[in-house]
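Let's take a walk through a protein model together.

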Amino acid sequence: MSTFSGLNAATTALWAQRRALDVTGQNIANVNTDGYSRQRADLQAIGGSPVPAFYSTSPGIGAGVTADSVIRIRDAFLEGRGHTETANSAKLTVENDAYELVEQAFREPGDTGIQSLLSDMWSGWEDVANNPKDSAARGQVLQRLETLVGGLNFSHASLGAQWDQSRENLQVLVDDVNAAARSVAELNESIQLARQSGLPANDLADKRDVLAMKLAEQIGGTVRPGDDGVVDVVVGGMSLVAGRTATTFAVAGTTDPDATAGDPVRIVTAAGGYTVQAGGTAAGQLNSLNTILPSYRAALNSVAVDLATGLNAAHAAGFDLNGVAGTNLLASSGGPITAASIVVAFSDPSLIAASSVPPVPGDPALDNGNADAIAQLRQSPTGTDANYRRMIVELGVQSAVAQRNLDIQAVITTQVDAARESVAGVNLDEEMTNMLQFQQAYAAAGRLVTAIDETLDVLINRTGIVGR
């Protein structure tokens, strides 16, 4: 055994503890850096030679310590859970927001809501029934009907604007996903080259993990590890990133909110047009575009059709001031009647068919029977009011369920994020403890160098032949 082997062991100890201190300082410096994973110097003992030789033997003590590798502290299972729960939370958030915007379009409960406008319109018919010969009463019922029709038009337009905005948001999201996928592929290439060259790539891996979490939130991407530090990103079984190659996604489907049944909005591969089963924010937007918004637009159209059918049929049973049978009160501005196309058919108060009996010669039709019958339509269990209330109750229930599911998912996501942070995050108390530990070890290694130096000084300078 060499006399200087102890000095070599002390030197390696100084270098290793200094490197460990540098890693600790890096952790402390990045305690607030988003996406940073704490690092740890991997200290390993340098063992003695296990192979015997003719003229040399090893005492088995070893030759010091090495800290060549610096590892990132990550838990693959928790990272996978984090991707899944983040995607679920993003999906539920978008769906909950969609229901809130639908509620705003209907403005219920409130003075400007369709239910309030319906009540005002029926009250107007009661005023006509109370005073059928008053032209003011007849005029105000037409004005209230105009206001109701305007409310239907506005709600339908609001749902359409929301649909258009959601589709634009989906296109922006897909473009962002494509850019992030390209960045992940480029980082894969850089990390692979660094690993093959024996260079550290922890910072690059942190950047890639941030992008992978972003892809999980946006489109439900999941990560599969590969060789040389490379990862693949998969979306619904479709490869988005495979090593150094990124796939490009696109948005396909109708641009008409009323045509989603035949040509639903979907995410496809740019090459081949294969449908992608997306998750995350994209899944919530697709559900909003293909299910939530179209269903309430269709329900609102049904309300408009029911209102027009009921009022027109009841109005046709009466007679106006001229003794003529009532004509249609509500019509379409073009095409079939919908909440967007419904309009009041006339503006002349004298055409209101309030009378239930035809006029006698010389007397106008001033009977109030038909106006009263129309006013009573509000009580019909199958009428417009009842159908509209059922729709609003269903909307309220679905919105409440969406909010409850989001609240539950938020708790789960918070717990998973806390577990991830407990593993990968920087804890200042732990780092302070490590710093003191490595500092003491460095000081001890330095004292060992001093002790060996003094020993060698005695051996070299104070031993020899004494006198002759």
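Is T384 buried or exposed? T384 is buried, because its relative accessible area is 8%, and buried means under 20% relative accessible area, exposed over 50%, and partly exposed in between (1.4 Å probe, protein chains only). You'll find T384 in helix α8, which covers residues 384-424. Helices here (H or I, at least four residues) and strands (E, at least two) are DSSP runs, numbered from the N terminus. If we skip its neighbours within four places in sequence, T384 is in contact with L118, V303, D306 and L307; contact means heavy atoms within 4.5 Å. Now look for Q115: it sits 269 residues away from T384 along the chain, yet the two C-alpha atoms are separated by 9.8 Å.

Before we go on, a few words about the picture itself. This is a predicted model, where local features need pLDDT of at least 70, side-chain atom pairs count only at pLDDT 80 or more, and totals for chains, interfaces and linings use all residues. Residues are numbered from 1 along each chain as its sequence is written, and side-chain values use heavy atoms, with hydrogens and water left out.

Now zoom out. The protein has nine helices and 10 strands. Its C-alpha atoms fill a box of roughly 165 × 45 × 25 Å, taken along the principal axes. Of the 468 residues, 40% count as buried. Take the contacts with a separation of 6 or more: 70% of them involve residues 24 or more positions apart.

Strands of a sheet pair through backbone hydrogen bonds, either parallel or antiparallel. Here four strands form an open sheet in the order β3-β4-β5-β6, and the pairing is antiparallel. Its edge strands are β3 (222-225) and β6 (245-246), each pairing on one side only. Two strands pair if DSSP finds at least two bridges between them; three bridges join β4 (residues 231-235) to β5 (residues 238-242). In that pair, V235 stands opposite M238 in β5.

Some backbone spots deserve a second look. Most residues other than glycine have a negative phi, and most peptide bonds are trans. D228, in the loop between β3 and β4, has a positive phi of about 55 degrees although it is not a glycine. D228 counts as partly exposed because its relative accessibility is 34%. R107 has a positive phi too, near 55 degrees, and is found in the loop between α2 and α3. With 18% relative accessibility, R107 counts as buried. In that loop you also meet P109, and the peptide bond from E108 to P109 is cis, with omega near -15 degrees.

E79 lies in helix α2 (residues 76-106) and is buried, with a relative accessible area of 12%. Not counting residues up to four places away in sequence, E79 touches R74 and R420. T281 belongs to helix α6 (residues 280-316) and is buried as well, at 15%. Beyond its neighbours within four places in sequence, T281 is in contact with several residues, including A90, L173 and E217.

Where does our last stop, V357, sit? V357 is in the loop between β10 (342-344) and α7 (369-375). At 42% relative accessibility, V357 counts as partly exposed. The C-alpha atoms of V357 and A216 are separated by 69 Å, and the two residues are 141 residues apart along the chain.
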